[in-house]
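Visitor: I would like a guided walk through a structure today. Please put it on the screen, and I will ask as we go.

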Amino acid sequence: YDLPGDQLTSRSIVSIHQRFLNDIGSHWNDPCPLPKGVFEGEEAEVARNSIHEFLAEVNIPFLVINDPGLCRLLPLWTSALKSFDCIVRGLEIIRDPKGVFDSLRRNIKTCGKINRGINSRDHSNLLWWRRVTEARTHVQGLEFLTIAFESLINEPRRQLESIQAFLDKKGHSPSFTISKVQDSSSAFTPDMTAESDTEQFL
């Protein structure tokens, strides 16, 4: 989450997400559900305004956002996007919980800061479950495509062609397009492709 070397994550976006979570008494690694009605309060309005300003400033025809925070904060974006003529499509890339934990644990070793990673497998698994559950809830009513992270690693060309076909589907002609993307081939690093046994979750 805004870790060194993650150049696909906009610091502006991460800042908006972190500020909102802080304002409601939460944090990126909080596995608890968000408070009821959290997207209807004053904090949400401030976040939506910040998102609107961000989108107005970037002003590009196609925007890719790489931030796991979208799993639970997507309603802020869909609400802010209502004032834009745009197509919203969701790309859900599911990674094996063990791979997620290994990545989060490596972040502790890399950054040397406890708050930039997780060293508890139970904590990581609960976060994984919470984020996947929330993402599935928030994309209801949207067009979305689900791809396994392992498939993207093993068959990048085939999977990226599927992603491109999905994102290029004909719709109305928007002046602005945004898609929720959590990973892309340019984000792959050698340690991501290391083979690991799939671990059953729960």
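Predicted model: local features only at pLDDT ≥ 70, side-chain atom pairs only at ≥ 80, totals over all residues.

Visitor: Which residues in α5 do C71, R72, L74 and P75 in α3 meet?
Guide: Residues are numbered from 1 along each chain as its sequence is written, and side-chain values use heavy atoms, with hydrogens and water left out. Helices (H or I, at least four residues) and strands (E, at least two) are DSSP runs, numbered from the N terminus, and contact means heavy atoms within 4.5 Å. On that basis, the partners in α5 of C71, R72, L74 and P75 are R130, R131, E134, A135 and H138.

Visitor: How do the residues of that contact divide by class?
Guide: Ala, Val, Leu, Ile, Met, Phe, Trp, Tyr, Cys and Pro count as nonpolar, Asp, Glu, Lys and Arg as charged, and the others, Gly among them, as polar. Sorted this way, the contact of α3 with α5 comes to four nonpolar, one polar and four charged.

Visitor: Are α3 and α5 roughly parallel or antiparallel to each other?
Guide: Axes are lines fitted to C-alpha atoms, for helices over the stretch in contact, with angles from 0 to 180 degrees between N-to-C directions. Angles under 35 degrees count as roughly parallel, over 145 as roughly antiparallel, 65 to 115 as roughly perpendicular and the rest as oblique. Helix α5 covers residues 121-138, and α3 packs against it at about 30 degrees with the axes 8 Å apart. The two helices are therefore roughly parallel.

Visitor: How many of the eleven residues of α3 are buried?
Guide: Buried means under 20% relative accessible area, exposed over 50%, and partly exposed in between (1.4 Å probe, protein chains only). In α3 the buried ones are L70, C71, R72, L73, L74, L76, W77 and A80. The helix is thus largely enclosed by the rest of the structure, and the count is eight.

Visitor: How far apart are the C-alpha atoms of H17 and L73?
Guide: H17 lies in helix α1 and counts as buried, at 0% relative accessibility. Along the chain H17 and L73 are 56 residues apart, yet their C-alpha atoms are separated by 7.5 Å.

Visitor: At what angle do α1 and α2 pack?
Guide: S12, I13, I16, R19, F20 and D23 in α1 meet E43, A44, A47, S50, I51 and F54 in α2. By class, this contact has seven nonpolar, two polar and three charged residues. The two helices are roughly antiparallel to each other. With the axes of α1 (residues 11-23) and α2 (residues 42-58) 9 Å apart, the packing angle is about 175 degrees.

Visitor: How many residues apart in sequence are the parts that the pair of F20 and F39 ties together?
Guide: Rings of Phe, Tyr and Trp (its six-membered ring) pair if their centres lie within 6.5 Å; planes under 30 degrees apart count as stacked, over 60 as edge-to-face and the rest as tilted. Searching the whole structure gives two aromatic pairs. F20 and F39 make a stacked one, at 6.2 Å centre to centre with 10 degrees between the planes. Since F20 lies in α1 and F39 in the loop between α1 and α2, the separation in sequence is 19 residues.

Visitor: Which helix holds the ring that pairs with F54?
Guide: The partner of F54 is W77, with ring centres 6.3 Å apart and planes at 85 degrees, so the pair is edge-to-face. Both F54 and W77 are buried. F54 lies in α2, and W77 is in helix α3 (residues 70-80).

Visitor: Which residues does A148 contact beyond its neighbours within four places in sequence?
Guide: A148 sits in strand β3 (residues 143-148) and is partly exposed, at 32% relative accessible area. R95 is 53 residues away in sequence, but 6.1 Å away C-alpha to C-alpha. The contacts of A148 are I93 and I94.
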